[in-house]
Amino acid sequence: TSNDLGKELRQFVEDKPVKLSKHLLEVLAIIAYNQPITRKEIAQIRGQNPDGALKSLLEKGLIEVAGRSDSPGRPKLYRTTKAFLYHFGID
């Protein structure tokens, strides 16, 4: 890239911090400490429905589906991603 276009292009390539609400941080912490974990287990620990938080964290790429549990209904298991490690500066 030529030097004169560097400033304009930088805004598209620079890392922008992901903003997380308290609610999202709580659900993310539960997943990080207990992974892999089901939605039901998260709800039991937190005492609230985590569906909205799970959807948001999946969209942000901080968690992923790690497979399915062997329990009845075969619920999805969630775990953190490499993007989570990068975001929080963990090697």
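Start with everything selected. Among contacts between residues at least 6 apart in sequence, 45% join residues at least 24 apart; a contact here means heavy atoms within 4.5 Å. Before going on, know that this is a predicted model, where local features need pLDDT of at least 70, side-chain atom pairs count only at pLDDT 80 or more, and totals for chains, interfaces and linings use all residues. Residues are numbered from 1 along each chain as its sequence is written, and side-chain values use heavy atoms, with hydrogens and water left out.

Now switch to cartoon view. You'll find five helices and three strands, in the order α-α-β-α-α-β-β-α along the sequence. Both kinds are DSSP runs numbered from the N terminus: helices are H or I with at least four residues, strands are E with at least two.

Next, turn the model around. Along the principal axes, the C-alpha atoms fill a box of roughly 60 × 25 × 25 Å.

Time to zoom in: select residues 39-46, which form helix H3, and pick out Arg 46. Is Arg 46 buried or exposed? It counts as buried because its relative accessibility is 18%; buried means under 20% relative accessible area, exposed over 50%, and partly exposed in between (1.4 Å probe, protein chains only).

Show what surrounds Arg 46. Leaving out residues up to four places away in sequence, Arg 46 touches His 23, Glu 26, Val 27 and Ile 30.
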